[in-house]
Amino acid sequence: MADYPELTPEQMLMLRQFGGLQASGDNQTFETKGGNENFNTSVRGFDTPAAQAANASMMAGVQLADRARLSAMLNAATLSTKQGDMATINPAVSAQMGKLQAMYGQQIADGQRQSQNVGASYDFGPVQAGISKSYADRGPSPTIYNASVPFDFGSISGAMIKGKNMPTSYQGAVQVPGLLGGSASLAAEYTPSTKDKAVYAKWKKRF
């Protein structure tokens, strides 16, 4: 992993899915973000010998009442690998009423709609749990069950991804912002049917 010191564990999982961990060479990452709770933008990505990816997102929200909020999101991403290039756009809207949040979105790849997605989550305090369902125009339509728990030291999250004609897989992540004067993160994935597994961790010193 010496060739990948700047990649996050989540980015390492993405590279692994596209067979990019066998490549070596220079790797670069970039990230910038700004805004407030009513409007914010972010741009992030990485450039490696095996893959190049960029992701830009925008969110605009409005407070409708004391505990009711409506938000619109737009996410655009590009991914280039040896298998080919892909550009995706994900428009979505979400509504929050107290501890309940509901979402609807679409995934559009290379100008063609791939799927529609609906989801909901509830903050049980401190556990936040949710479910999202993808309705694909072509291919598998996975359902994702997820939960996250904040702690004094950071947060732990997990997800189960399952659907017809696809293996069930499990993902987990740990974020520790203040570990030993730095920021630590870990991401893992496991597919029981194929016994395929991966674990990636990172710690970065804060100055």
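Let's start at one residue, S169, which is in contact (heavy atoms within 4.5 Å) with A159, M160, I161, E189, Y190 and T191, leaving aside its neighbours within four places in sequence. S169 sits in strand β11, residues 166-179. Strands (E, at least two residues) and helices (H or I, at least four) are DSSP runs, numbered from the N terminus. S169 counts as buried because its relative accessibility is 9%, and buried means under 20% relative accessible area, exposed over 50%, and partly exposed in between (1.4 Å probe, protein chains only).

A word on the model itself: it is predicted, so local features need pLDDT of at least 70 and side-chain atom pairs count only at pLDDT 80 or more, while totals for chains, interfaces and linings use all residues. Residues are numbered from 1 along each chain as its sequence is written, and side-chain values use heavy atoms, with hydrogens and water left out.

Now step back to the whole protein. It has one helix and 13 strands, and the helix comes at the N-terminal end of the order α-β-β-β-β-β-β-β-β-β-β-β-β-β. Of its 207 residues, 27% count as buried. Among contacts between residues at least 6 apart in sequence, 23% join residues at least 24 apart.

L74, found in strand β4 (residues 68-81), is partly exposed, with a relative accessible area of 38%.
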